[in-house]
Amino acid sequence: MNFSDIVNRLKLNKDLPDEELILLIDSDEANEPLFAAADEIRRKIYSDEVYIRGLVEFSNICKNNCYYCGIRCGNKKAVRYRLSKEDILDCCAEGYALGFRTFVLQGGEDPHFTDEVMCDIVSSIRSLYPDCAITLSVGERSKESYQSYFDAGANRFLLRHETASEEHYRHLHPDDLSLENRKKCLFDLKEIGFQVGSGFMVDSPYQTTRNLVADLRFLQTLQPDMIGIGPFIRHEDTPFAEFESGSLYKTLRLVSILRLMFPYALIPSTTALGTIHPQGREMGLKAGANVVMPNLSPKRVREHYMLYDNKICTDEEAAESVEKLKNKVACAGYRVVTARGDVKKDCSR
Ligand code: SAM
């Protein structure tokens, strides 16, 4: 099999038949040609720049019961917390001083954060930091709710579709959640004018390679601005405690495939990648990712936002260590910049 030839065609056409995508996703021999081609394209569009986002994990309270997730409502062992508006603004102040120009507010679907509460927080951040992007990742809400967050000053929204296959979706979620609604939310967000991020877990339980191809096809329809993927990692207090965690190299190959199919996309090198391998995030950058999201949450709560076992939350992963992060990124051959880091869609080939 000539993997360089397949990768070259993907690089030139941004599309391949399903069977060839399956070969690339599943074959270790595809690693080198994929990583090299993805790096070439990312450098063409984003140069050696790596954007940093300050992540505020503001609540681990969630009304949902997704089978894979450590903060699912059914996990009675989780120590629950919720940050106040003041806590969140303190995180932003600290982040701004450190050079962050994007704040990402992520949390479980916590009913305390009504539209009124969310809009109050968003508009306060907007008036204090007019030069910053505000990204929300608060799960599924109505179109009216999303519109109100946008009007309050939020610019971006992260909502992974998790899996685009109906059958696979049912393996991962209880009956009160639906793929149809998840997808509707994503299109609502786009219509409103958010920069939208979606994505999926790699090697989640019951996932087939065809499911992953369906994920890529769904993203081709959605055309998101950001795409976040990471390996599934088991959590001991979930129904998926006995499943194996995802493959590092399959995740890296998918990062590269995404870079080639969506050249303009903002692709984070995720915490999950850093959790399954000590150099996982540097490897992610070399495979085509161009964003990292250090943790800005208060130290006292970090260990409780435990989506999966051993999620890294040491000081080195946190925003305070921006200098260390800059060095790590430089060693990998890239450069941390403190710009807002908006999508460069015009550069799409
Ligand atoms: N509630 C929001 C939502 O549903 O989009 C944001 C928080 S949710 C916990 C953030 C992401 O964590 C999910 O989209 C999922 O892909 C990821 N995640 C949850 N459990 C995971 C696991 N066991 N392994 C890897 N990623 C996981």
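Which residue forms a salt bridge with Asp-15? In this predicted model, the partner of Asp-15 is Arg-217, with the closest N and O atoms 2.8 Å apart.

## Domain arrangement

The protein chain is divided into two parts, domain 1 covering residues 1–36 and domain 2 covering residues 47–337. Their C-alpha centres are separated by 27 Å. The contact draws 20 residues from domain 1 and 19 residues from domain 2.

## The interface between the domains

The size of an interface is often expressed as the accessible area lost when the parts come together. Domain 1 and domain 2 bury about 1,700 Å² between them, and carbon and sulfur atoms account for 63% of that area. Within domain 1, the residues that lose the most area to domain 2 are Lys-14, Ile-25 and Phe-35, which together make up 38% of what that side buries.

Polar and charged interactions also span the boundary. Four salt bridges are found across the interface of domain 1 and domain 2, and eleven residue pairs are in polar contact there, both residues of each pair having pLDDT 80 or more. On the side of domain 1 that touches domain 2, the elements giving two or more residues are helix 1 (3–13), helix 2 (18–26) and helix 3 (31–46). Helix 2 supplies the largest share of that side, seven residues. By residue class, the side of domain 1 that touches domain 2 comprises eleven nonpolar, two polar and seven charged residues.

## Salt bridges

Side chains of opposite charge can pair when their charged atoms come close. Across the whole structure, the search finds 27 salt bridges. One of them joins the side chains of Asp-5 and Arg-9, at an N to O distance of 3.4 Å. Because Asp-5 and Arg-9 are four residues apart in helix 1, about one helical turn separates them.

## Ligand surroundings

The ligand is surrounded by 17 residues. The closest are Tyr-68, Gly-107, Arg-160, Glu-162 and Ile-233.

Several polar atom pairs can be described individually. Tyr-68 places a backbone N or O atom 2.9 Å from a nitrogen atom of the ligand. For Glu-162, an N or O atom in the side chain is 2.5 Å from an oxygen atom of the ligand. Arg-182 likewise has a polar side-chain atom 3.1 Å from an oxygen atom of the ligand.

## The setting of Asp-203

Where in the chain is Asp-203 placed? Asp-203 belongs to the loop between strand 6 (195–202) and helix 9 (209–222). Apart from neighbours within four places in sequence, Asp-203 is in contact with Phe-232, Glu-244, Gly-246, Ser-247 and Lys-250.

How values were computed: Residues numbered from 1 in each chain as written. Predicted model: local features only at pLDDT ≥ 70, side-chain atom pairs only at ≥ 80, totals over all residues. Heavy atoms only, no water. Domains from an automatic or database assignment. Contact = heavy atoms within 4.5 Å. Buried area = accessible area lost by both parts, 1.4 Å probe. Polar contact = N/O pair within 3.5 Å; in protein donor to acceptor, adjacent residues only side chain to side chain. Nonpolar A, V, L, I, M, F, W, Y, C, P; charged D, E, K, R; others polar. Near = heavy atom within 4 Å.
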